[in-house]
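Here is a friendly briefing to read with the model open beside you. Take the topics in any order you like.

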Amino acid sequence: MKNAAKTFAAVCVLLIGTCLQASGLPQDSRVPGGVAVLDIAPASQHKPDLRFQQQPVLILSHQQRWLAVVGLPLSLTPGNHALTDKDGASVLQFSVADKAYPTQTLKVEPKYVEPPLEVQQRIARESALMRTAFARFSEPLPSSLVMRKPAEGPETSAFGLRRVFNGQSRNPHSGLDIGAPLNAEVVAPLAGKVVVTGDFYFNGNTVIVDHGGGLLSLFCHLNVINVREGQQLETGELIGRVGATGRVTGPHLHFSVNLTGARVEPSLFFLKETGK
Ligand SMILES: [Zn+2]
């Protein structure tokens, strides 16, 4: 009986996943680093204008309903949270469960943990530039949020991994690493506009693509960048080639997905292959 209930629950989860995917929505995962897909109101009503922690929320219509698609930061405290109207009044409450991401303890050369003084200004400038890009909320909104994988290869470092370098706690891994060989193709996971290209201290050759509605994607350590800022991309168009630029030890693609200011689990957006 217990097993039957488990199987039933698993089938339900699968069906919900398939249903959301078919409609172009990410998987609903209400944990820090996840995405909450919340039913707000009938689409016959005015489109709601909502905030989550003062950030605008992506609202899409789906089967005659308004849905909120909310990026949940890795730093979010589990427990009850609320979407608010623009004056801060609570509109919808939802709860966020805890998630224990694995921890990786590494001993690395000190230069990876403490960048030299002369590059600290550069690092500050680059992180401000990334924050500004990730705060964008542009139109048009994406017609689908389901992404294709930007590169082929195994996942070599998971999203959310907590990292302790030389006994010091670092920021958790805000993207996922795809172990693709040097010069493998990196393609646009979704249509969008290139808003940042550059050579960054930690991230090496970097591209940020804005898909609209606060959804952006980040590609790091590229060997070659094949796009320019302002360029409009279709899904599957070449962005660049996998490399080992920046502060890394070998070629791989670091891929991050940002939803309204929060870096979230990229695999929630990937098209699930069926029949395999
Ligand atoms: Zn990475």
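This is a predicted model: local features need pLDDT of at least 70, side-chain atom pairs count only at pLDDT 80 or more; totals for chains, interfaces and linings use all residues.

**Briefing: charges, metal, rings and a sheet**

Residues are numbered from 1 along each chain as its sequence is written, and side-chain values use heavy atoms, with hydrogens and water left out.

**Salt bridges**

- Arg136 pairs with Asp210, and the closest N and O atoms of the two are 2.8 Å apart.
- This pair links distant parts of the chain, 74 residues apart: Arg136 is in the loop between α3 (120-134) and β9 (155-157), and Asp210 is in strand β15 (residues 204-212). Helices (H or I, at least four residues) and strands (E, at least two) are DSSP runs, numbered from the N terminus.
- Asp210 is buried at 4% relative accessibility, whereas Arg136 is partly exposed at 31%. Buried means under 20% relative accessible area, exposed over 50%, and partly exposed in between, with a 1.4 Å probe and protein chains only.
- Arg30 and Asp28 form a salt bridge with an N to O distance of 3.0 Å. Arg30 is partly exposed at 31% relative accessibility, and Asp28 is partly exposed at 30%.
- Asp49 meets Arg51 in a salt bridge at 2.7 Å, N to O, and Asp49 is partly exposed at 41% relative accessibility.
- A network of salt bridges links Arg122, Glu126 and Asp199.

**Zinc site**

- His173 (NE2), Asp177 (OD) and His254 (ND1) coordinate the zinc ion at 2.0 to 2.1 Å. Donors are N, O and S atoms within 2.8 Å of the metal (3.2 Å for Na, K and Ca); water is not among the atoms, so sites may look incomplete.
- Along the chain, the zinc donors follow the spacing H-x3-D-x76-H.
- His173 is buried at 3% relative accessibility, and Asp177 is buried at 11%.

**Aromatic rings**

- There are 5 aromatic pairs in the structure. Rings of Phe, Tyr and Trp (its six-membered ring) pair if their centres lie within 6.5 Å; planes under 30 degrees apart count as stacked, over 60 as edge-to-face and the rest as tilted.
- Phe52 and Phe94 form a tilted pair, because their ring centres are 5.7 Å apart and their planes stand at 50 degrees.
- Phe52 lies in strand β2 (residues 51-52) and Phe94 in strand β7 (residues 90-96), so the pair ties together parts that are 42 residues apart in sequence. Both Phe52 and Phe94 are buried.
- Phe255 and Phe270 are stacked, at 6.1 Å centre to centre with 10 degrees between the planes. Both Phe255 and Phe270 are buried.
- Phe219, Phe255 and Phe270 make up one aromatic cluster.

**An open sheet**

- An open sheet of 3 strands runs in the order β1-β5-β4, with antiparallel pairing. Two strands pair if DSSP finds at least two bridges between them.
- β1 (35-42) and β4 (58-62) stand at the edges with a single partner strand each, so one side of each is left without a neighbour in the sheet.
- β1 and strand β5 (residues 65-71) run antiparallel and are joined by 7 bridges. Ala36 has Val70 as its bridge partner in β5.

Conventions
A salt bridge is a side-chain nitrogen of Lys or Arg within 4 Å of a carboxyl oxygen of Asp or Glu.
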